[in-house]
Amino acid sequence: MTRRLLLIIGLLACFGSYSTLTIYADDGIPDNCESTGAAYYRPNIFARFELHNRRLVLVNWATGEIVQTVASDVGEGQILGWSVDCRYLAVGLGNTASMDTVVYDTLDNVRIGSVPDARGQAHHITWGVGNYLVVETRNGAILWNVPANTQQILTTSFDPYTARNFSRLRWDAANMILIVNLAVGGRVAYDLHTGLETTVEPVVDYVAPEAEVETQIVGGAEYPCAQYVPSGYREWYSTRGSQLPRLGLVYDIPSRTIALYLIDQGQPYESLAVLEGTVNASWMQARGWSLNCRFVAASLGVPGQDASDTYVWDISTGQRVGVYPDARDVVHPITWGADTLVIETRDGAFLWNLVTNTRTLIQPFVRTESGTYSERIQSFHSVRFSSDGSLLYTVNVDTPDTVSAYDGYTGAALGQYRMEGAAQPVTFTASLNGRTLVLDSHTNGVLGIVDRTTGVVLPLTREERGRASRAFISPDGRFVAFVSGQGDVLVWDVNNLSHQPNAVYTLPPEYRSSVQFLRFSDDVTLAYTGSSYRQFTLNVTTGEFHGDRNPPPGVSAVAGTSGYSPLYGYWYSPQDTPICENDSYPAYDADTNQIVLRSESIVRVVVENVSDIAGVRASPGCRYILAYSLPVTREAAPYDNAPVDDASYDHFSDELVFYDALTGAELLRLAHPYRYYANAQVAWSLDSLWAMIRVSTGSYIWDVAQNRLMPIEVRPENWYGDIDAIVYWDFARGQMLISSNHGAVAFDLRTGEQRTLYSCDIFGDGWCSAYYFLMNFSIRDERTLFVAWEYGGKVAAHDLDTGVSHQFYTGNASLHLGNRIALSPDGSLIATARGVIRIWREWTERPPAGTSRRPLYQFTGPSTLITSIRFVDDHTVETVSADGVQRWDITTGTLVP
């Protein structure tokens, strides 16, 4: 770090808390990834927009050479930030009038997705564990699982003054929990797996080194401290922009004192206690707090040198614990434990027990890298404490295939656990008591089970554990369970490790969806609680299975006519409304304040004495009328807690009102249907007795006959933009299916409860979601549901009666379903059609990993676009196109006379 930059930071220290002092990198390079121990870290590489070439590129800071073009034809933008593993890059595209937050995969040069329309400034973003990204927008805070490209809104609350949804975010990496303070007040914890509100108790395998924010007594008063782990590659904590009053460490240059201040947004700093006087330092960088708030650290610049010393103070006594000198060019990397910290120096890495002020060398190897403008030291790829601080785990830079374990207080070596053949630094999870580790070597697909009591490392290949890759560890460390998307649970008993699982259990078909949302509820019980329909437990010692609802949802029939539903939203054009009696159509007569059915020959009044109707539509058969109503007052009104700047899209508080077309009686009124990027939708069943209604306040199933409105939980990311959902009314099974970004979601017509998500990714190998588009699904032969991922050529077939699912790969990146997919009468052949006809045999068998099953037959078919295809018999298909109805011999691809 240059002297000039250090001077700037030193001056800023006089006016702000440590949470605002980091301008950018410790290495002085703007817009590069700072996680130097990350899997995809590249020294000296930074991101830059080339406006004249309309490119986003990666550039070598030392040479100026362009090393990679990430995206072309992107226009203007700004760099927002790198993911913690240095693979993904978030940027803002556009200008201040409207800017989209876009994420690119810099490994494959792929645009992952975007969040639209930031106004006045870029969205505030926060990268977190597992490449989750939080994007704060005026339409809600979005939790974005970037590798899976799934998004969901955590909260719609928004503070227009700060332009934030949250005032503070904390990533509990071990428990996969995000803990936030809402900008409008309140504190919420979210489960990262589900995006749902949860408690802060552990929900997965191990506990992070961070505890809840603690408080400290200063001058007889209690204050919260702000914990911060600058080097926390996975367990890191952000306090930037925090509105919580807290203790902050400030270096006052005129008085040359290091003091604790009370930092409260919008208020002058209040000095509480002086920790050290007569300090001769050129600058200060606060380094955070111990987990119990007892100790605080800072780096102090040495005047006249590109160097700093690391100081630690004990707040309970107000005295300095000690100092580690001579961090040249960059500050010492530190990682906090419980009353301890790990400090990386040029002499090696030490465990520093702050209570006894003793330092133990745990890693003598140091890798240094010198650049034109900076120098870097590194001893670890990752370093992590257990939840109580009693254990310390590291992956050292000189042994990236090995996890080393130490006593978290004395630094005594407890063991080393190696993964043979790991091409990249291994990662790991641990049981709550630290007995068992599961290592992941990433590149070769090998996972390893480690029993720390014996030192045994058992590597498991993909063949040995099947398609299962997600590991769940019991709290006592005895059992490791791998679960596949097909419902197979493979259990290893650490007391009796072998390459073959000790037990293999298969979940019933109706419980296999979303099996990734599992956890050990106790030492022997795997539990799923994602929805009340599918709550179940599995005892991994006995195989005893308990599901809360049996039999599956195939027997709860509801009266009605199954089939796809047309959509009638109030903004649609008149041709979307059916023709009513005597060739009439619904209309609003503003002169008489009446809703009428009008034709050339008749005018029948349906509703009298209604005002300010902007438009009307009708259900199939014109049994019910839907009116878009404006209140008589026409007063501007806030709605749905929307931010002020969003109100320009809807100046009036409008309503959707449903009437009985025979009696004129008002049946249902829903307020505030309109929101930017979330227009209302009304999808009727074919008999007009049911409707799916989506307005700004939520989504509902409406049982029209009983006039019963049931809210359904459809996450907002499934409803992006003006794209219409596919709705299928499956009355035989008592459910409604609706398209989402992740597949087809089934809801119980009696309760509105979500039954299951039918995804195209039944193997659980990821990449089965759409962002801008809802995923296609189609129902054939009244029981087979097909779900397709447009961009991957991936299709899943689900039997709605038995729950059996199959997945296959077409190799076609533009697959369309609907009537363009068909099964042969015996079920052995499947055909898809668009520009060409492709037919597969044995399509239910999974092809080798990374490959697509080639079609058995492929031919061009009609000269025009095919609109539907069906099997006439096991050898002949029939197509409908602009060329008419044609039949084709599938073996020769020729027309059948």
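This is a predicted model: local features need pLDDT of at least 70, side-chain atom pairs count only at pLDDT 80 or more; totals for chains, interfaces and linings use all residues.

Colleague: What makes C86 count as buried?

Modeller: Buried means under 20% relative accessible area, and C86 has 3%, so the label applies. C33 gets the label too, because its value is 7%.

Colleague: How do you know that C33 and C86 form a disulfide?

Modeller: The cut-off is a sulfur pair within 2.5 Å. The sulfur atoms of C33 and C86 are 2.0 Å apart, so the pair qualifies.

Colleague: Why is that disulfide of C33 and C86 called left-handed?

Modeller: The torsion about the S-S bond is about -75°, so left-handed it is.

Colleague: And where in the chain do C33 and C86 sit?

Modeller: C33 is in the loop between α1 (3–13) and β1, and C86 is in the loop between β4 and β5. They are 53 residues apart, and the pair links distant parts of the chain.

Colleague: How many disulfides do you get by this rule?

Modeller: Two. C580 is joined to C622 with an S to S distance of 1.6 Å, which is within 2.5 Å, so that pair passes as well. This link is left-handed, with -70° about the S-S bond. C580 lies in the loop between β48 (563–564) and β49 (585–589), C622 in the loop between β52 (613–618) and β53 (624–629), so parts 42 residues apart in sequence are tied together. Both C580 and C622 are buried.

Colleague: Which residues have the most contacts inside the largest nonpolar core?

Modeller: L56, V91 and Y104, in a core of 19 residues. Strands β1 (45–50), β2 (55–60), β3 (66–72), β4 (77–82), β5 (88–95) and β6 (98–105) each give it two or more residues. Another core, of 18 residues, lies apart from it, with L260, W289, A298 and Y311 among its members.

Colleague: What does V91 touch, leaving out residues up to four places away in sequence?

Modeller: F49, L56, Q78, I79, L80, D100, T101, V102 and Y104.

Colleague: One more: why are β26 and β29 called edge strands?

Modeller: They belong to an open sheet of four strands, ordered β26-β27-β28-β29 with antiparallel pairing. β26 (334–336) and β29 (358–363) each pair on one side only, hence the name. The twist averages 25° from one strand to the next.

Colleague: How do you know that β26 and β27 pair?

Modeller: Pairing needs at least two bridges; β26 and β27 (residues 340–345) have three, so they pair, in the antiparallel sense. W336 has L341 in β27 as its bridge partner.

Conventions
Residues are numbered from 1 along each chain as its sequence is written. Side-chain values use heavy atoms; hydrogens and water are left out. A nonpolar core is a set of buried Ala, Val, Leu, Ile, Met, Phe, Trp, Tyr and Cys residues joined through side-chain atoms within 4.5 Å. Buried means under 20% relative accessible area, exposed over 50%, partly exposed in between (1.4 Å probe, protein chains only). Contact means heavy atoms within 4.5 Å. Axes are lines fitted to C-alpha atoms, for helices over the stretch in contact, and angles run from 0 to 180 degrees between N-to-C directions.
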